[in-house]
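Please look over the sequence and the model, then read the points below, which are grouped by topic.

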Amino acid sequence: MTESPHGLSAQLTWRRGALAFDIDLRLPAQGVTALFGPSGAGKSSCLRAIAGLDREATGRVSFGEMVWQDSAQRIFVPTHQRRIGYVFQEASLFAHRDVAGNLDFGYRRAGRPAHLDCDGLIDRFGLRPLLQRRVSGLSGGERQRVAMVRALLSDPALLLFDEPLSALDGAARAELLACLESLHGMLRVPMIYVSHNVDEVARLADHLLLMEAGRVIAQGRLHDTLTRLDLPPALGEALGAVIEGRVVGYDAQDQLIELEFPGGRLWLPHRHESVGQPLRCRIGARDVVLTRAPQSGTSALNQLACRIVDVAAADHPSQLLVQLDAGGCVLLARITRRSWHALGLAPGSEAWAQVKAVALGF
Amino acid sequence: MLTPADLEALGLTLRLAATVTLLLLLLGLPLAWWLAHTRSRWRRPIAAVVALPLVLPPTVLGFYLLMLLGPDGAVGRAFAALGLAALPFTFKGLVVASMLYSLPFVVQPLHNAFEAVGSRPLDVAATLRAGPLDRFFNVALPLAWPGVITAAVLGFAHTVGEFGVVLMIGGNIPGQTRVLSMRIYDHVQAGEYHQANVLSLCLLVVSFAALLAMSLLRSREPARD
Amino acid sequence: MMRRLWQGLLILGSAFASVTLAATPEQQITVAAAADLHQALDAVIVAYRQAHPDTRVDVTYGSSGNLLTQIEQGAPFELFFSADSDYPQQLLAHGKAGGTPVPYAFGHLVMWSASIDMKGVQLADLAQPKFGRIAIANPQHAPYGKRAEQALRAAGIWNRVQARLVFGDNIAQTAQFAQSGNAQVGLVAESLVIDTSVKGSFVAVPSSMYQPLKQSFVLTQRGSKNPLAQDFANYVQSAPAKAILQRYGFELPNDTVH
């Protein structure tokens, strides 16, 4: 496949209070890119600058062939002329219009394009019974769903979602995440998805942008980036492999499913999956136990044969991060130095990665 | 009970209040919008100037206007040079004076309303392809509607009750500047207490009705479009 | 801290009380006077105080009708100098007077302009457009205003100049309209323009054209209890005071036959 033309390209600098921002990112024209980082890293500011909502940033922003901002040439395309769909952290629906009115706001201004399946989107997100309701009568989850469809109906060329699930409680969040997962497949426009929750990132993202203190410190494909050893300690907890596989088995009695991927097979708790469907699974580094030989009599259901590729210090002096190769798939394990030395491990050694089934699945 | 002269004064008063309210809304909406959104260092001084008529005695305002608009004042001379009729003692002059006098009563509620709307709905509208005027008319104004009602009613009621400024710059001319409050004052000075009473009651009823209307209009939902 | 606060308030309060109590009405006269007397009465008071240095005379100037209303509603004036004789008569009729009205002067109506030379101008000439706006006091209640209307009617131009009239709340405001130039000409009290620093010229309106402005004063009920008030009233009718009033263009009651 020929390389798709660039999606968003942004090189911007600005100051906000004590924080100096320096952004340099290039995103593919397709797929979901997660903008991930700790709170205060400046993710929302970055998104707003890309959208053109805050004009303090200087530099260059282009999307495909369109130049949205070029400070050197004094070009600045205002937000309403960039075809963006933005979803804010708190839904921000228009209080003076009902749900239908909100949905129609961008749709009408986009010229009600025929290629947008308006009814399909409304039904897919379960908004049909809500259309005549006032905004004040909606729950948090309902509001965010309206906000998302509203953004989609404005016929955007780029989607910007700013932590849309952060303000929701568990049940609403799970429901909406499932919505977004299903949306992912049919999206034809790229999306930047800001989050500080690694599970959301693992489920939705194809690419990852890591931010810390106003800077992009890493960008790349999701799996590659989360299994790097050179990332700052602040991201320590997020590290781990995100593998993609297919559900090949289902044990109804034990309520477990079997996932097959290049590195082997994994058992994990059955939630809503069905046999044959593709599935992502995150293997957190802290959930991986290393052994020199395969074990029996252990409660951990999963063992994968690996070869140690590399090792680096973790954020805590007692620990190390070990990069493993399982059938071509990179995994990450976090173990103590003591164990590393006690087991006599070294790059190149064979090892077995034990993963609790309970730790897997979302 | 109400003589033709009284009715004339009443009609004049209502006409003055309506004209002033309309003009102040037209002037006040962009001004309040600017005050709510600008980050210019002129914001505070201009807001203070807008608030000035709140604390200035109306007679002071009337006095300065009389000097300014008179034949020796800067504005009066400019008018004469342009061949325009002088403003003191005319309905137009009263409109100008009343606009200054009632300015904060219209601009401040609008300012507060726009600030309460905040920038989030406007950001949202921008991402939904709405340009600046579009955002103002279809998002900011409907959301600020209770503030607009307040501004209109307060401006109207305040102008109806105006006296000090009218006394200084009106000239008490029937049909032109002899508003209801002047008429009441004249009746009192002439010892005609009964007429003064009737007209005062009139003024009270008008003001009360205006405030009641404001309360009723505000309790409804923000305007739908 | 609270005790200090209370102590402070107590001291402040007693100081305030002593100051106000010290200003007893013993050596004070409160006068209400028509607006046209402003400069003339001030001069009379100055002369009075030279003879009575311990007495304070507080004057409030205003429109006669307004002052009457205030006195009837209990305003603490002891003497009421009106611009006519009807208002003091009303005070007596309503039982609020402390004596009978006494005429003290006759006022005169003049035409005054800041911009136009009034020499040789007749009242009927005001119909000419060059006189623009004509300021008169409100005929509804101001004595000078009533006289102005009478004069304009007598000149036969009342209907013609209706649209150009500007009404001052009292004769002083009327003069101010004319003196600021906002009205091109004003029918004002001679006493207000005879000794003014404002640049302008004036000419008398013939007395035959209006009812005489017989100005009377009356003692109020409150004033009847203050011997100083009567004393001042007597002074106003004495020779030195009369001389001052004459200087300000007033005619005196004994001089002409009315």
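The model is predicted.

- Strand β6 (residues 134-137) of chain C is paired with β7(C) in the parallel sense, over four bridges.
- Within that pair, C:A135 stands opposite C:V166 of β7(C).

**Chain C as a whole**

- Chain C contains 10 helices and 10 strands.
- Along the principal axes, the C-alpha atoms of chain C fill a box of roughly 75 × 50 × 35 Å.
- Chain C has 258 residues, and 45% of them count as buried.
- For contacts in chain C between residues at least 6 apart in sequence, 78% join residues at least 24 apart.

**Two domains in chain C**

- The domain assignment divides chain C into domain 1 (18-106 + 214-247) and domain 2 (109-204).
- A distance of 27 Å separates the C-alpha centres of domain 1 and domain 2 of chain C.
- Where the two domains of chain C touch, 13 residues of domain 1 are in contact with 12 residues of domain 2.
- On the domain 1 side of this contact, α2 (38-51), β2 (56-62) and α3 of chain C each supply at least two residues.
- The largest share of that side, three residues, comes from α2(C).
- By class, the domain 1 side has five nonpolar, six polar and two charged residues.

**Strand pairing in chain A**

- Strand β20 (residues 350-355) of chain A pairs with strand β16 (residues 288-291) of chain A in the antiparallel sense, over four bridges.
- In this pair, A:T291 stands opposite A:W352 of β20(A).
- Strand β17 (residues 302-313) of chain A is also paired with β20(A) in the antiparallel sense, over six bridges.
- Here A:R307 has A:E350 of β20(A) as its bridge partner.

**Contacts between chains**

- The contact between chains A and B takes 16 residues from chain B and 18 residues from chain A.
- On the side of chain B that touches chain A, α6 (120-127) and α7 (132-143) of chain B each supply at least two residues.
- The largest share of that side, six residues, is from α6(B).
- The residues of chain B that touch chain A comprise 10 nonpolar, two polar and four charged.
- The contact between chains B and C takes 16 residues from chain C and 15 residues from chain B.
- The elements that give two or more residues to the chain C side of this contact are α3 (64-72) and β7 of chain C.
- That side of chain C has four nonpolar, 10 polar and two charged residues.

**Nonpolar cores**

- The largest nonpolar core has 162 residues, and those with the most contacts inside it are A:A34, A:L35, A:L160, A:Y193, A:L331, A:A333 and A:A353.
- Helix α5 (residues 91-117) of chain B gives the most to this core, with 12 residues.
- Domain 1 (8-229) and domain 2 (240-359) of chain A each contribute at least three residues to this core.
- Leaving aside residues up to four places away in sequence, A:Y193 touches A:V32, A:T33, A:A34, A:L35, A:F161, A:L204 and A:A205.
- Another core, of 75 residues, lies apart from the largest one and includes C:A32, C:F77, C:A137 and C:F167.

Key: Residues are numbered from 1 along each chain as its sequence is written. Chains are lettered from A and ligands numbered from 1 in the order in which they are written. This is a predicted model: local features need pLDDT of at least 70, side-chain atom pairs count only at pLDDT 80 or more; totals for chains, interfaces and linings use all residues. Two strands pair if DSSP finds at least two bridges between them. A residue is buried if 20 or more other C-beta atoms lie within 10 Å of its own, exposed if 12 or fewer, and partly exposed in between; C-beta atoms are placed from the backbone. Two residues are in contact if their C-beta atoms, placed from the backbone, lie within 7 Å. Ala, Val, Leu, Ile, Met, Phe, Trp, Tyr, Cys and Pro count as nonpolar, Asp, Glu, Lys and Arg as charged, and the others, Gly among them, as polar. Domain bounds come from an automatic or database domain assignment. A nonpolar core is a set of buried Ala, Val, Leu, Ile, Met, Phe, Trp, Tyr and Cys residues joined through C-beta atoms within 7 Å.
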